[in-house]
Amino acid sequence: MGTPVIAGLGELFKTHRLSKKTVVLFDEHTRRLFGDELLRKLNDEGFHWTELVIPAREASKSFSVAYRLYGKMIEADVDRSWNLLAMGGGVVGDLGGFIAASYFRGIPVIQLPTTLLAMTDSSIGGKVAINHPLGKNLIGFFHSPELVLIDTSYLTTLPRREIYAGMAEVVKYGFIADEPFFSFLDLHFADIIELKEPYITEAVKKSAFIKDEVVKKDFRETAGLRATLNFGHTFAHGLEKLAEYRHLRHGEAVTIGMFCALLLSHNLGYLDRESLDRGLSLLRKFRFPKGLLKRRFLDIDSGLLLESMFSDKKKLDKKLRFVLLKKLGEAFLLEENIEDRHVLKAISDGQALFSSKSSR
Ligand SMILES: NC(=O)c1ccc[n+]([C@@H]2O[C@H](COP(=O)([O-])OP(=O)(O)OC[C@H]3O[C@@H](n4cnc5c(N)ncnc54)[C@H](O)[C@@H]3O)[C@@H](O)[C@H]2O)c1
Ligand SMILES: [Zn+2]
């Protein structure tokens with residue numbers, strides 16, 4: 001396939017004063033699908049490169065994998081004059097960013113995201129991390145990418161389940177920041193899932209733009225604004241933990257989490273009925289692998305989920321932090337503590353309403 005984003009790579013690196021000495025990081029899938037083409041391109045453009053390949057799984061975001069890769073880089077004589085190009089989903093992007101931030105006290109990172117989630121969320125904003133056995137994304141840096149190269153044509157090989165997972169974050173931006181975008185996503189949901197143009201490009205562009213705007217205003221998440229990107233995530237992290245970070249994609253948990261967060265916003269009197277219904281109706285368009293929703297949400301005891309939410313790293317003094325909606329397109333971080341019963345009700349209302357029709 002002809003990919004426009006890597007067509008002028010040499011020129012692009014020159015414009016951004018990046019050296020042509022590049023460590024290229026893939027996972028085994030992106031290596032197989034896109035590696036030969038990219039490396040050929042780097043040869044054509046006179047790059048000096050070395051490649052690293054990791055297993056395609058969340059567990060690759062670990063200290064032991066990072067340690068192994070540092071060793072390979074040292075053996076390949078990689079020094080501070082090099083940079084690192086991460087080609088893949090959020091796992092490759094986060095691990096690649098982590099290695100770039102730490103190797104030789106930091107080398108530039110270039111993100112080349114190939115999943116919908118990475119294009120619209122993880123590659124943007126400079127949060128890079130690995131996991132610790134005691135929790136996800138606990139060890140990391142703020143290390144902004146020098147470049148993020150987004151090309152939606154890479155999505156054609158992405159499994160449908162991953163498209164839905166990425167779409168959760170896309171829809172999130174409509175909810176928290178942009179009502180017209182929300183309406184666009186509602187209207188063209190199927191077109192976007194089918195990767196139809198111009199809808200998919202518009203959805204990716206707008207999402208990347210919103211994320212970038214939010215991050216620019218609150219880079220270190222101190223003003224409460226960047227935290228709104230966690231809409232639905234307090235519930236989601238609890239669900240992911242219960243699913244041992246293996247049986248539920250992050251985006252699937254976020255879809256369910258946003259369902260509960262909408263209900264919580266309404267139950268606490270912040271969001272009106274009509275907006276709630278519009279929000280829930282959009283979220284009902286998401287599809288899950290057969291039986292997954294039942295096993296990972298509908299059958300789960302609400303008390304157990306609440307307990308699991310409390311163990312999330314974003315808790316502050318045992319207080320859960322919730323992002324709620326005032327209206328479609330406007331979110332805020334709730335400062336005050338809310339009683340457990342409200343959270344439990346949002347979960348059980350969600351279970352009653354998120355119909356099993358959503359299974360396929
Ligand atoms: N840094 C951040 O701000 C941030 C934000 C959100 C999520 N994340 C992290 O992102 C990770 C999840 O990222 P993800 O959802 O992209 O998962 P992922 O990187 O695991 O990719 C999902 C699967 O798709 C495959 N794949 C990638 N591109 C493909 C393509 N074009 N065609 C076919 N298959 C392809 C991958 O090999 C993998 O098997 C998590 O670790 C999460 O913590 C980070
Ligand atoms: Zn997320």
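Start by selecting the open sheet of five strands, ordered β2-β1-β3-β4-β7 with parallel pairing (strands are DSSP E runs of at least two residues, helices H or I runs of at least four, numbered from the N terminus; two strands pair if DSSP finds at least two bridges between them). The model is predicted, so local features need pLDDT of at least 70 and side-chain atom pairs pLDDT 80 or more, while totals for chains, interfaces and linings use all residues. Residues are numbered from 1 along each chain as its sequence is written, chains are lettered from A and ligands numbered from 1 in written order, and side-chain values use heavy atoms, without hydrogens and water.

Colour β2 (48–54) and β7 (147–148) next: these are the edge strands, each pairing on one side only. Then pick β1 (residues 21–27) and β3 (residues 83–88), which pair in the parallel sense over five bridges; V23 stands opposite L84 in β3.

For the last stop, show α12 (residues 250–267) and α13 (residues 273–283), whose axes lie 10 Å apart at an angle of about 170 degrees. Among the contact residues are F259 of α12 and L280 of α13.

Conventions
Axes are lines fitted to C-alpha atoms, for helices over the stretch in contact, and angles run from 0 to 180 degrees between N-to-C directions. Contact means heavy atoms within 4.5 Å.
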